Amino acid sequence: MYEVYLSPCFLAPPYMVDFQSPTKTIYTDPPCNVSTSTSHLRNTLLNLKDKSLLLLLMEISSLSKTVALLVLLLATLTTLSLGQGNRGSGRGTRLGYYRSSCPRAESIVQSAVRSAVQANPTIAPGLLRMFFHDCFVNGCDASILIDGPTTEKTAGPNSLLRGFEVIDAAKSQLETACPGVVSCADIVALAARDSVVLTGGRSWQVRLGRRDGLVSQASDTANLPAFNDPISVQIRKFADKGLNTQDLVTLVGGHTIGTAASCPGVISCADIVALAARDSVVLTGGCSWQVRLGRRDGFVSQASDTANLPAFNDPISVQIRKFADKGLNTKDLVTLVGGHTIGTAACALFSYRLYNFNNTNGPDPDINPAFLPQLRALCPNGGDALRRVALDTGSDNSFGNSFYENLRNRRGVIESDAKLWSDRRTQRFVQRYLGERGQTGSRFNAEFGRAMVKMGNIEVKTGTQGEIRRVCTATN
């Protein structure tokens with residue numbers, strides 16, 4: 001589905017359809033009277049259903065969002081929900097299908113959708129789009145929901161669908177109330193209707209009784225309408241599903257809610273990561289910096305290549321070497337590790353320092369004895385290894401140089417951080433950020449931005465190297 005914009009006014013009487021004009025313009029006189037316009041629109045569309053798409057588009061372009069949904073989307077989504085338009089007769093579906101077997105089915109789905117949309121309004125268009133994408137591929141059988149490496153969900157057109165968790169929540173509640181009764185396909189159909197209602201559209205009765213499909217293949221999504229399809233292709237794809245040109249224009253009107261990616265195939269995931277890192281610093285109180293963009297996404301991702309990442313227990317000499325291998329010097333090392341002023345570490349990464357450091361049956365001597373009881377209370381011997389502890393005690397959500405103050409006070413949490421103070425090669429840069437011992441004080445925030453720019457240019461792929469991924473979790 002793709003973007004359509006509706007003007008604030010409806011086709012209103014008095015109006016004239018000039019079929020002799022080359023442009024077939026619809027003339028309307030303001031003000032628009034919505035109550036009278038509804039019947040005129042219905043009659044006009046019935047009279048024009050065999051005429052050109054251009055005329056229909058010009059008519060619908062003058063419709064208000066609310067009334068378009070009230071009249072057009074209502075009728076056409078009812079048709080689509082039967083299966084695949086006129087081609088799917090909807091045989092076996094009926095109103096009140098769960099009246100005896102699961103009387104609260106519709107209210108349970110409605111409640112799940114309402115909760116989700118109230119928490120995040122962008123869920124509503126996601127659920128509407130999900131229903132469309134499900135019905136267009138092997139019918140309305142919930143095959144869009146199936147997980148797997150090559151299922152419909154993994155296909156490019158479905159990569160940005162949202163709202164799956166809402167369907168899961170409704171299904172979970174229904175399985176408690178009526179186990180094995182309500183199909184996922186019916187839940188998707190109901191959720192689409194409820195999402196329209198919750199955004200101001202009119203409700204419609206949904207015929208129920210669909211069964212869930214057994215097959216879900218990404219290759220079957222080729223018949224989904226694409227954002228750049230010419231009109232002739234759109235008409236053919238809809239016709240293949242028993243939907244006519246009026247249905248096409250009407251269903252695309254569902255785009256009255258929702259958004260679209262602004263620049264498909266343009267922005268790399270690598271650039272998104274670089275921008276997100278900068279923004280996370282700014283949002284926690286750090287300074288901003290300009291991010292050089294134009295990176296391309298790589299094709300190769302291997303676990304074995306992570307051996308050169310600095311480790312939580314690396315000695316300073318190893319840290320310096322690993323940074324130098326990437327063109328970063330010792331100052332860059334100390335500066336970038338300062339990013340630990342926000343964030344946490346799991347007990348598993350440092351609890352060895354608290355009880356049996358280097359098989360001494362005692363703590364790491366680099367830990368301040370006054371700080372030790374606090375860490376032991378947070379990470380008791382044999383306790384929860386996944387518990388998270390602030391790396392910058394007392395300031396884990398605020399970006400600043402307090403991290404270095406903690407290092408000076410021997411309150412570093414992980415071993416590699418603590419060594420920045422105990423090793424003279426790195427201590428002088430820590431002192432510089434603290435402005436002590438005759439060192440000229442440096443603005444940590446500004447230096448951090450400089451170091452991030454430098455790191456952001458490590459071995460980047462540009463030009464014809466790599467690709468621009470459609471989905472960041474998989475190559476194209």
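Buried means under 20% relative accessible area, exposed means over 50%, and partly exposed lies in between (1.4 Å probe, protein chains only). This is a predicted model: local features need pLDDT of at least 70, side-chain atom pairs count only at pLDDT 80 or more, and totals for chains, interfaces and linings use all residues. Residues are numbered from 1 along each chain as its sequence is written, and side-chain values use heavy atoms, with hydrogens and water left out.

**Salt bridges**

A salt bridge is a side-chain nitrogen of Lys or Arg within 4 Å of a carboxyl oxygen of Asp or Glu. The whole structure holds 19 salt bridges. Three of these pairs are set out here.

| Pair | Closest N and O atoms |
|---|---|
| Aspartate 271 and arginine 295 | 2.7 Å |
| Lysine 419 and glutamate 415 | 3.3 Å |
| Arginine 425 and aspartate 423 | 3.0 Å |

Take aspartate 271 and arginine 295, which form a salt bridge. Aspartate 271 lies in helix 10 (residues 269-283) and arginine 295 in the loop between helix 10 and helix 11 (316-324), so the pair ties together parts that are 24 residues apart in sequence. Helices here are DSSP runs (H or I, at least four residues), numbered from the N terminus. Both aspartate 271 and arginine 295 are buried.

Is arginine 425 buried or partly exposed? Arginine 425 counts as partly exposed because its relative accessibility is 43%. Elsewhere, salt bridges that share partners join Lys331, Asp332, Glu447, Arg450 and Lys454 into one network.

**A nonpolar patch**

Val266, Ile267 and Ile272 form a nonpolar patch on the surface. Together they have about 260 Å² of accessible area (Shrake-Rupley method, 1.4 Å probe). Patch residues have over 30% relative accessible area and no salt bridge, and nonpolar side chains are joined within 5 Å. Isoleucine 272 belongs to helix 10. At 42% relative accessibility, isoleucine 272 counts as partly exposed.

**Helix 8**

Which residues of helix 8 (residues 231-239) are buried? They are Gln234, Lys237 and Phe238. These residues cover an arc of only 95° around the axis, so they lie on the same side of helix 8. The arc is that of the directions from the helix axis to the C-beta atoms. Their cover includes helix 5 (123-135) and helix 9 (245-252).

Terms used
Helix = DSSP H or I, 4+ residues; strand = E, 2+ residues; numbered from the N terminus. Patch = residues over 30% accessible without salt bridge, like charges linked within 9 Å, V, L, I, M, F, W, Y side chains within 5 Å. Contact = heavy atoms within 4.5 Å.
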